[in-house]
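Hello,

Here is the structure I said I would hand over, with notes on what turned up when I went through it. Please look at the view below first, then read on.

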Amino acid sequence: MAHQLGQRVNIRNINDTHAELLALFEDGDAVALDLQATTDCDLSLIQLIESARNYGAAIGKPVSLVKPAGAAVVATLERAGFLESFSAADAKFWLHKEVM
C-alpha cells in the first residue's frame, strides 16, 4: 500500500515527513510513496527521498514511487539541476521513464 505524502512538503515540515518514512521502513519490506498530492515542495523533499532510496537499498527495503513525480516535484528537480544529470535509474524512479 502506498503512503501519500502531503500537499506541502518543505523545510518547515520535513522532520515530520522524515519520521513518516522511518516508520514505513520499520513496518514493511518496501516503501511505496505517492507524491501526486504534493503541490508545494522544496529541495528538502528531494534530498529526503534520495536519502531514503540509499537507505532502503542498504537495508534491502527498496523505495518506489507508485506514479511518476507530479509537476511540482518535477519543477523542483529541474530547479535543483537534477533532471540534467539523471541516471537511467533516476529517470525510472522519478519519472517512470526508460532511458536507452
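Trp-94 has a relative accessibility of 0% and so counts as buried. Please bear in mind throughout that this is a predicted model. Phe-93 is likewise classed as buried, at 8% relative accessibility. The cut-off for buried is under 20% relative accessible area, which is why both values qualify.

Helix α2

Helix α2 covers residues 43-59, which makes 17 residues. The buried residues of α2 are Ser-44, Leu-45, Ile-46, Leu-48, Ile-49, Glu-50, Ala-52, Arg-53 and Gly-56. In general, an α-helix has 3.6 residues a turn, so residues three or four places apart point the same way. After α2 comes Gly-60, with a positive phi near 75°.

Packing of α2 against α3

How do the axes of α2 and α3 cross, and within what distance do they come? Helix α3 spans residues 71-79, and its axis comes within 9 Å of that of α2, with a crossing angle of roughly 90°. The two helices are therefore roughly perpendicular. On the α2 side the residues involved are Leu-43, Leu-45 and Ile-46, and these meet Val-73, Thr-76 and Leu-77 of α3. Sorted by class, this contact has five nonpolar residues, one polar residue and no charged residues.

Thr-76, in helix α3, counts as buried at 3% relative accessibility. Beyond four places in sequence, Thr-76 touches Cys-41, Asp-42, Leu-43 and Ile-46. Its C-alpha atom is 9.1 Å from that of Leu-45, a residue 31 places away along the chain.

Phe-82 sits in the loop between α3 and α4, the latter being residues 88-95. With a relative accessible area of 28%, Phe-82 is partly exposed. Apart from neighbours within four places in sequence, Phe-82 is in contact with Leu-43, Ile-46 and Leu-77. Phe-82 and Gln-47 are 35 residues apart in sequence, and their C-alpha atoms are 11 Å apart.

Aromatic pairs

How many aromatic pairs are there? The count is two. One joins Phe-25 and Tyr-55, whose ring centres are 4.9 Å apart with 90° between the planes, an edge-to-face arrangement. Because Phe-25 belongs to helix α1 (residues 14-27) and Tyr-55 to helix α2, the pair ties together parts 30 residues apart in sequence. Phe-25 is buried, at 5% relative accessible area, whereas Tyr-55 is partly exposed, at 40%. Phe-93 and Trp-94 form a pair with centres 5.1 Å apart and planes at 85°, so this pair is edge-to-face.

Other sites to look at

Val-9 is in strand β2 (residues 8-9). Is Val-9 buried or exposed? At 2% relative accessibility, Val-9 counts as buried. Setting aside residues up to four places away in sequence, Val-9 touches Ile-14, Thr-17, Thr-38, Asp-40, Cys-41, Asp-42 and Leu-45. Gln-36 is 27 residues from Val-9 along the chain, and the separation of their C-alpha atoms is 12 Å.

Ala-30 lies in the loop between α1 and β3 (31-34) and is partly exposed, with a relative accessible area of 45%. Neighbours within four places aside, its contacts are Lys-61 and Pro-62. Ala-30 and Gly-56 are 26 residues apart in sequence, with a C-alpha to C-alpha distance of 7.7 Å; Gly-56 is among the buried residues of α2 listed above.

The last item is a backbone angle. Most residues other than glycine have a negative phi. His-96, however, has a positive phi, near 60°. His-96 falls in the segment after α4 and is partly exposed, at 36% relative accessibility.

Regards

Technical notes
Residues are numbered from 1 along each chain as its sequence is written. This is a predicted model: local features need pLDDT of at least 70, side-chain atom pairs count only at pLDDT 80 or more; totals for chains, interfaces and linings use all residues. Side-chain values use heavy atoms; hydrogens and water are left out. Helices (H or I, at least four residues) and strands (E, at least two) are DSSP runs, numbered from the N terminus. The expected span of a helix is 1.5 Å times one less than its number of residues. Buried means under 20% relative accessible area, exposed over 50%, partly exposed in between (1.4 Å probe, protein chains only). Axes are lines fitted to C-alpha atoms, for helices over the stretch in contact, and angles run from 0 to 180 degrees between N-to-C directions. Angles under 35 degrees count as roughly parallel, over 145 as roughly antiparallel, 65 to 115 as roughly perpendicular and the rest as oblique. Contact means heavy atoms within 4.5 Å. Ala, Val, Leu, Ile, Met, Phe, Trp, Tyr, Cys and Pro count as nonpolar, Asp, Glu, Lys and Arg as charged, and the others, Gly among them, as polar. Rings of Phe, Tyr and Trp (its six-membered ring) pair if their centres lie within 6.5 Å; planes under 30 degrees apart count as stacked, over 60 as edge-to-face and the rest as tilted.
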